Amino acid sequence: MSVPAGRPRAGGHDAVTPRPDADLIDSGYWVVIWTRYLLAAHALLINAFRWPRVAHPWLLALVMAVIIAWSLVIGHLHRRRDRRTLLAAWIDFAIAFVVVVGSPYVLGAHLLRSDHLTAGVYWMFASAISLAVAGGFREGLVGGLVLGAAALLVAPTSYLPEVAEDLALPVASGTIGMMMDGLRRVIAERDAEQARAAALAERERLSRIVHDGALQVLALVEREGRLLGPEGARLARLASTQEAALRSVLQDRTVDAHLTELPVELTAMLERHQSDGVTVSASAGDLYVDAHRARELDLAVQELIANVAKHAGPGAHAWMLVEQDGDDAVVWFRDDGVGMGQSQLTAAREAGRMGISGSVTGRLQALGGSAAVTSRPGRGVEWELRIPV
Amino acid sequence: MDELSRRRVMLVDDHPIWLEALTRDLEAEGFEVVAVARSGDECLRRLRATRPDVVVMDLKIPEPDGATCTEIIMREFPETHVLVMSASGERDDVIRAIRAGARGYLVKSASKAELLYGVRRTAEGDAVFTPGLAGMVLGEFRRMVARTEQDDDAPVLTAREIDVLRRVAKGMAYREIADELYVSHRTVQNHVQNVLRKLQLHNRVELTRYAIEQGFSDLEA
């Protein structure tokens with residue numbers, strides 16, 4: 001979480017515009033700040049009681065001065081989001097560690113063994129919790145274990161309540177770290193979801209504007225153009241392509257599917273192939289698969305569309321139907337082209353042509369699915385692609 | 001129904017150029033465009049005044065939207081034949097209109113010939129079942145079954161109906177389907193009509209049940 005100066009960030013969130021979710025992290029820090037102040041005061045009190053028995057009282061006074069001063073410094077740092085760095089938490093940890101391991105000299109071995117309380121008393125607890133809040137489970141656990149073990153080692157004891165006390169530290173700091181990890185994850189997920197919703201809302205707004213204007217005119221050009229001779233037909237074709245492209249962009253509900261690794265909705269993804277020559281129908285909605293498999297399936301479908309253009313003959317049309325069948329997503333892909341007989345199909349398979357071996361069948365098999373093809377002369381080619389969802 | 005008596009058409013769309021073009025085309029085909037409307041409000045007002053036989057309805061119009069208008073029309077004038085059109089992809093609205101009783105669905109990018117054919121078929125009382133609609137209806141039945149696992153009145157499609165619907169969704173013409181299944185063209189058409197009837201009947205059952213549950217049992221009639 002160390003950050004370059006001048007770009008205030010904390011916990012991955014923008015500190016310039018505070019939001020309610022950032023307050024949740026804030027409250028974690030407030031707990032740490034006040035725990036530390038109270039534990040410093042507590043240490044002051046306890047040490048005052050045992051002052052006459054301390055081996056080097058003036059050294060202990062110095063230690064207490066450092067504890068109080070550092071508590072104020074780190075408290076100040078923790079108040080500001082841009083200053084909450086993991087580095088500060090580790091420095092804090094180092095100071096607490098020195099206080100613990102210096103205790104036998106400062107207090108005297110005899111006193112330390114009889115009290116089983118280090119020079120900082122319970123103050124080092126705050127450092128372990130600090131690490132947990134700033135870092136998370138791992139940092140909290142490490143900090144707690146090291147400080148707890150050090151306290152146990154400088155004042156070895158076989159008195160069970162004292163051992164349990166030192167062992168409680170890593171448990172507490174570890175669980176607090178775990179909680180902070182969970183909190184950060186929830187906030188990150190919600191931020192991503194909010195960003196996605198905002199992007200979709202904006203697309204929705206654009207979609208309305210384009211639908212009411214440009215799309216209507218394009219559809220009209222497409223319809224009327226065909227009647228105006230070859231030049232008009234060319235315009236109609238262009239309008240048709242643009243209309244389909246525009247429409248699929250507007251209907252695309254997969255925001256940044258290629259940038260993130262979030263699951264992709266198959267129907268929305270495949271509907272983008274809708275065009276003058278391809279009709280996409282879907283009975284399934286909400287068919288989510290992980291981004292990698294969605295991409296692979298999309299590539300296989302692209303291969304099939306390219307095949308229609310290459311092999312099905314002029315004017316062939318293709319239809320795609322996306323269905324859910326139990327735990328499988330099924331994509332039917334059919335064209336009304338020239339088709340082929342069984343012997344041609346076998347020959348194509350052996351020659352690895354038309355994606356029958358590699359780019360379609362191989363891809364689907366690698367995904368744990370299957371691809372089957374049937375065809376008859378004059379009756380087009382039909383594919384059935386299956387992948388588990 | 002005598003074909004000649006179903007020639008009075010109303011067009012609902014919020015785009016004037018589109019309305020003009022469609023009016024021209026339909027009149028050239030011998031239809032009489034008795035009203036046009038650019039919003040849901042206009043649609044309902046003019047419909048009650050002119051009582052057309054056929055309504056060509058764009059789903060995306062100013063409030064109330066096309067699906068809601070279709071619901072109201074089918075309640076007030078159940079003998080009206082409604083053909084819905086949309087820019088495609090508005091699955092929920094399309095299904096809502098079909099459940100309410102619309103007889104078919106076309107995407108707005110359909111060619112002029114497809115459009116005129118669709119209106120003619122609607123006027124004659126046939127279902128205009130495009131591949132896109134077949135896919136949506138298949139999905140709707142699957143969702144209904146999943147939703148009402150214990151509910152015995154949820155309509156179920158026969159294996160043959162699913163087969164026919166799936167072939168329609170894959171772009172096969174009725175004649176091709178008839179050939180492959182060794183049945184007549186008419187049989188295929190009947191299967192498709194049956195599917196729509198089941199969907200619409202279930203819609204009425206649900207509406208009635210809802211009305212009773214809400215205590216408005218007088219709506220039942």
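Student: How many bridges join β1(B) to strand β2 of chain B?
Tutor: This is a predicted model. In it, β1 and β2 (residues 32-37) of chain B run parallel. One bridge partner pair is B:L11 with B:V36, and B:R8 stands opposite B:E32. The number of bridges joining the two strands is five.

Student: In β3(B), what is the bridge partner of B:M10?
Tutor: β1(B) also pairs with strand β3 (residues 54-58) of chain B. That pairing is parallel and has four bridges. In β3(B), the partner of B:M10 is B:V55.

Student: Is β1(B) mostly covered or mostly open?
Tutor: The strand spans residues 8-12 of chain B. Buried here needs 20 or more other C-beta atoms within 10 Å of a residue's own. Four of the five residues of β1(B) are buried, so by that cut-off the strand is mostly covered.

Student: Which strands are the edge strands of the open sheet in chain B?
Tutor: Five strands form the sheet, with parallel pairing, in the order β2-β1-β3-β4-β5. An edge strand here pairs on one side only. Neighbouring strands are turned by 20° against each other on average, direction ignored. The edge strands are β2 and β5 (104-107) of chain B.

Student: Which strands does helix α3 of chain B touch?
Tutor: Helix α3(B) covers residues 66-76 and packs on the sheet. Its direction makes about 155° with that of β3(B). The strands it touches are β1, β3 and β4 (81-86) of chain B.

Student: At what angle to β5(B) does helix α5 of chain B run?
Tutor: Helix α5(B) covers residues 112-124. It lies across β1, β3, β4 and β5 of chain B. Its angle to β5(B) is about 170°.

Student: How many residues are in the largest nonpolar core?
Tutor: The residues touching the most other members are A:M320, A:V331, B:V56, B:M57, B:L83 and B:V84. Contacts of B:V56 include B:V9, B:L11, B:L83 and B:V119. Apart from this core lies another, of 40 residues, with A:L107 and A:V154 among them. The largest core has 94 residues.

Student: Why is strand β4 of chain A largely enclosed by the rest of the structure?
Tutor: A:V278, A:V280 and A:A282 point one way from β4(A), while A:T279 and A:S281 point the other way. All of them are buried. The strand is largely enclosed because the buried count is five of five.

Student: Which residue in β6(A) stands opposite A:S281?
Tutor: β4(A) pairs with strand β6 (residues 318-325) of chain A. The two are parallel, over five bridges. Opposite A:S281 stands A:L321.

Student: What share of the residues of chain A count as buried?
Tutor: Chain A has twelve helices and nine strands. Its length is 389 residues. The buried share is 38%.

Student: Which element gives the largest share of the side of chain B that touches chain A?
Tutor: In the interface, 26 residues of chain B are in contact with 28 residues of chain A. The elements giving two or more residues to the chain B side are α1, α6 (131-147) and α7 (159-169) of chain B. By class, that side has nine nonpolar, nine polar and eight charged residues. The largest share, eight residues, comes from α6(B).

Methods:
Residues are numbered from 1 along each chain as its sequence is written. Chains are lettered from A and ligands numbered from 1 in the order in which they are written. This is a predicted model: local features need pLDDT of at least 70, side-chain atom pairs count only at pLDDT 80 or more; totals for chains, interfaces and linings use all residues. A residue is buried if 20 or more other C-beta atoms lie within 10 Å of its own, exposed if 12 or fewer, and partly exposed in between; C-beta atoms are placed from the backbone. Two strands pair if DSSP finds at least two bridges between them. Axes are lines fitted to C-alpha atoms, for helices over the stretch in contact, and angles run from 0 to 180 degrees between N-to-C directions. Two residues are in contact if their C-beta atoms, placed from the backbone, lie within 7 Å. A nonpolar core is a set of buried Ala, Val, Leu, Ile, Met, Phe, Trp, Tyr and Cys residues joined through C-beta atoms within 7 Å. Ala, Val, Leu, Ile, Met, Phe, Trp, Tyr, Cys and Pro count as nonpolar, Asp, Glu, Lys and Arg as charged, and the others, Gly among them, as polar. Lists of a residue's contacts leave out its neighbours within four places in sequence.
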